[in-house]
2 protein chains.
Amino acid sequence: MVARGVLTFKSKPAIVSVGVTAGPLEKRKSLFSKQFDKLYDDEHCGLDTNEHAHAKMVEDACMIALSKINCVPSDADFLLIGDLVNQMTPSSFCAETNGIPYLGLFSACATSVSTIITAAVLTEAGMSELSLAGSSSQHNAIERQFRYPVEYGAQKPETSQWTVTAAGVVAVTPNKEGCPAIVAATIGCVIDLGMTDPLNMGAAMAPAAEDTLSRHLKGHGKNVADYDLIMTGDLGKTGFKLFKQLASNNGNDIESNSRDAGEEFYGNDLAFKSGASGAGCSAAVFFTEVIEKLKTREYNRVLLIATGALLSPLSFQQQDTIPCIAHAIELTMK
Amino acid sequence: MVARGVLTFKSKPAIVSVGVTAGPLEKRKSLFSKQFDKLYDDEHCGLDTNEHAHAKMVEDACMIALSKINCVPSDADFLLIGDLVNQMTPSSFCAETNGIPYLGLFSACATSVSTIITAAVLTEAGMSELSLAGSSSQHNAIERQFRYPVEYGAQKPETSQWTVTAAGVVAVTPNKEGCPAIVAATIGCVIDLGMTDPLNMGAAMAPAAEDTLSRHLKGHGKNVADYDLIMTGDLGKTGFKLFKQLASNNGNDIESNSRDAGEEFYGNDLAFKSGASGAGCSAAVFFTEVIEKLKTREYNRVLLIATGALLSPLSFQQQDTIPCIAHAIELTMK
């Protein structure tokens, strides 16, 4: 049986620009902060609420991605974004501000890639000359929604991950020389092995990442060695270790050419437990560290796998297990 | 300037099958109930929570749409669905149950059409032979999340709308003789005229519907008279009247060939105030009443405009205005 959910982009849509914004903690603590375009010294970005700051970060990321290619919002055909806030209001307010025709997408933290896939499909169909795609998260907004208001100072176990304050947006156009090309993708299936602990989402998501990796390789006739990098986001230390073990068990040894955005984001600082997460984490790392190393040809072919835990506080309260998903895109400079 | 967000499907993807499920109140009160495929006598569908019933309705709608074309879930390439519940858990649990590669989309009640547009784009790009698209809502789950638990018996003003318990799914394939063809679409821009009353969403959404209608007509070089039907969902009595007035002010007199799914859903029963709403309402009506009348050639060309209010309880509490959106698809039997 052919692997399902697998897409090939014959026209090779290009990522021609990126915009990444992040908060004050990320400015101080993220290993990638020097690569980010804009860093706020105030986690509220001068606004009144966490959610308004959240929207502002995405708006700024969009404007930055556009300005780098000398474009304005009215040049963009489509805006494909999403976030973790209930009903994704930060993304919708961003769409209101920039006025670009807007398709909201939700795959939790895998939204960074589901939006790029959708932009690439629109481009492949000849329907988009310029689309913006991406995702975002704001620590305080997400913590109080999914867990506790940060003011409570709730303790967390070693397996827990830290939601980053960051937004990442890419500009996607038809194929363009010298820019990373989107050559293939795999849309995830929901995988749920019965995990119920919302403070160990890396372990819950690892099997979804492995399923998507396996389907992508099989569907495109590729081997692990074909990639300079296979990067997940955001499994964290716990989940990434498990993912590599699951891949190995399935005959795919990725020890030497894999990285995880969540594991690396804050370095080895133990305050961040298992590492970073949030819809802005994979977006911020994929769109800076990885895109930059593709441009300098340090990487020639990469597979980016964004993972998402599709739970809600209510599904947790109702004792449901955690449904997880992972979407993948393959980028190349060849 | 060319109208933005406008898509033309040269390959004319087809809607080859539909599945619509609805709850016990809809069985008794909806004018369209006889056209629905499955009606539950228990609003919990025999399950323990509103949200589990919500997921069950979508799962059943998917299975019904597939069974009518002698298919099973493993025949489907993609599942493109969304709902109004925080983090769209009913849609995700449906994707877990049927195992189809899943892209979650959120445009509030406009998700019924944003999902079909995405299915049509995948089909146009040659990437999908069979996709399922649709949306759903469950009255009690949505009321307690956005307003009050129904047990409170809270009073509502005349402008308020009643969230339906229903799920609607279509099966989309490459062009097929004898089936309604998706020939064009328009992706909405967020329109926000400063309305803040969550109990008058029809009025808030009407300008978004008018904006999308106007862009669709301009972008495709069409006139109102080219359509046998222009149907919105779900503006309700209040919003639909306003929409027709706004369209007329803009030179588009749609009085004689327009309908609104929300206004008609429960007939003239005053208990439902301004009419029906919810992501399942437009899906249930568009996919039965409209598709059926296309098949019998009572309609030859229709424009379906699904409207969504992209607010959240939190954005309301933070005194934000209501961002609204409308997505349109044009179907034809010609």
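Analyst: This is a predicted model. Chain B superposes on chain A by a rotation of 180 degrees with 0.0 Å of shift along its axis, at an RMSD of 0.0 Å. The two copies are thus related as by a two-fold rotation axis.

User: OK, and through what surface do the copies meet?
Analyst: They meet through the same surface, because 100% of the interface residues of chain B are also interface residues in chain A.

User: How many residues of each chain are in contact?
Analyst: On chain B there are 59, and they are in contact with 59 residues of chain A.

User: How much area do they bury between them?
Analyst: Chain B and chain A bury about 4600 Å² between them, and 64% of that is on carbon and sulfur atoms.

User: Which parts of chain B supply the side that touches chain A?
Analyst: Quite a list. Among the elements of chain B that each supply at least two residues are strands S1 (6–8), S5 (102–104) and S14 (324–332). The helices include H2 (50–67), H3 (89–98), H4 (111–124), H5 (139–146) and H10 (313–317).

User: And by class, what residues does that side have?
Analyst: The side of chain B that touches chain A has 30 nonpolar, 21 polar and eight charged residues.

User: How many salt bridges between the chains?
Analyst: The count between chain B and chain A is zero. For polar contacts, though, the rule finds 20 residue pairs across the interface, with both residues at pLDDT 80 or more.

User: Let's look at H5 in chain B. Why is it called largely enclosed?
Analyst: Six of the eight residues of H5(B) are buried, so the rest of the structure largely encloses it.

User: Which ones are buried?
Analyst: In H5(B) they are B:His139, B:Asn140, B:Ala141, B:Ile142, B:Glu143 and B:Gln145.

User: What do they pack against?
Analyst: Within chain B, the buried residues of H5(B) pack against H2, strand S6 (131–137), strand S7 (162–163) and H10.

User: What's going on at the start of H5(B)?
Analyst: There, a side-chain oxygen of B:Gln138 comes to within 3.1 Å of the backbone nitrogen of B:Asn140.

User: Where does B:Tyr148 lie?
Analyst: B:Tyr148 is in the loop between H5 and S7 of chain B. Setting aside neighbours within four places in sequence, B:Tyr148 is in contact with B:Glu143 and B:Ala154. One of those, B:Glu143, is among the buried residues of H5(B).

User: How many residues apart are B:Tyr148 and B:Leu130, and how far is that in space?
Analyst: They are 18 residues apart in sequence and 39 Å apart in space, C-alpha to C-alpha.

User: Switching to chain A: is A:Glu330 buried or exposed?
Analyst: Buried, with a relative accessible area of 1%. A:Glu330 is in strand S14 of chain A.

User: What does the side chain of A:Glu330 join up with?
Analyst: A polar contact of 2.8 Å joins it to the side chain of A:His216. Leaving aside neighbours within four places in sequence, the residues in contact with A:Glu330 also include A:Lys222, A:Tyr227 and A:Arg301.

User: Last one. Where is A:Gly23?
Analyst: A:Gly23 is in the loop between strand S2 (14–22) and helix H1 (24–29) of chain A. A:Gly23 counts as buried, at 1% relative accessibility. Not counting residues up to four places away in sequence, A:Gly23 touches A:Leu39, A:Tyr40 and A:Thr165.

Technical notes. Residues are numbered from 1 along each chain as its sequence is written. Chains are lettered from A and ligands numbered from 1 in the order in which they are written. This is a predicted model: local features need pLDDT of at least 70, side-chain atom pairs count only at pLDDT 80 or more; totals for chains, interfaces and linings use all residues. Side-chain values use heavy atoms; hydrogens and water are left out. Contact means heavy atoms within 4.5 Å. Buried area is the accessible area (1.4 Å probe) that two parts lose on being put together, summed over both. A salt bridge is a side-chain nitrogen of Lys or Arg within 4 Å of a carboxyl oxygen of Asp or Glu. A polar contact is a pair of N or O atoms within 3.5 Å; within protein, one must be able to donate a hydrogen and the other to accept it, and residues adjacent in sequence count only if both atoms are side-chain atoms. Helices (H or I, at least four residues) and strands (E, at least two) are DSSP runs, numbered from the N terminus. Ala, Val, Leu, Ile, Met, Phe, Trp, Tyr, Cys and Pro count as nonpolar, Asp, Glu, Lys and Arg as charged, and the others, Gly among them, as polar. Buried means under 20% relative accessible area, exposed over 50%, partly exposed in between (1.4 Å probe, protein chains only). Copies are superposed by least squares on the C-alpha atoms of residues with pLDDT of at least 70 in both.
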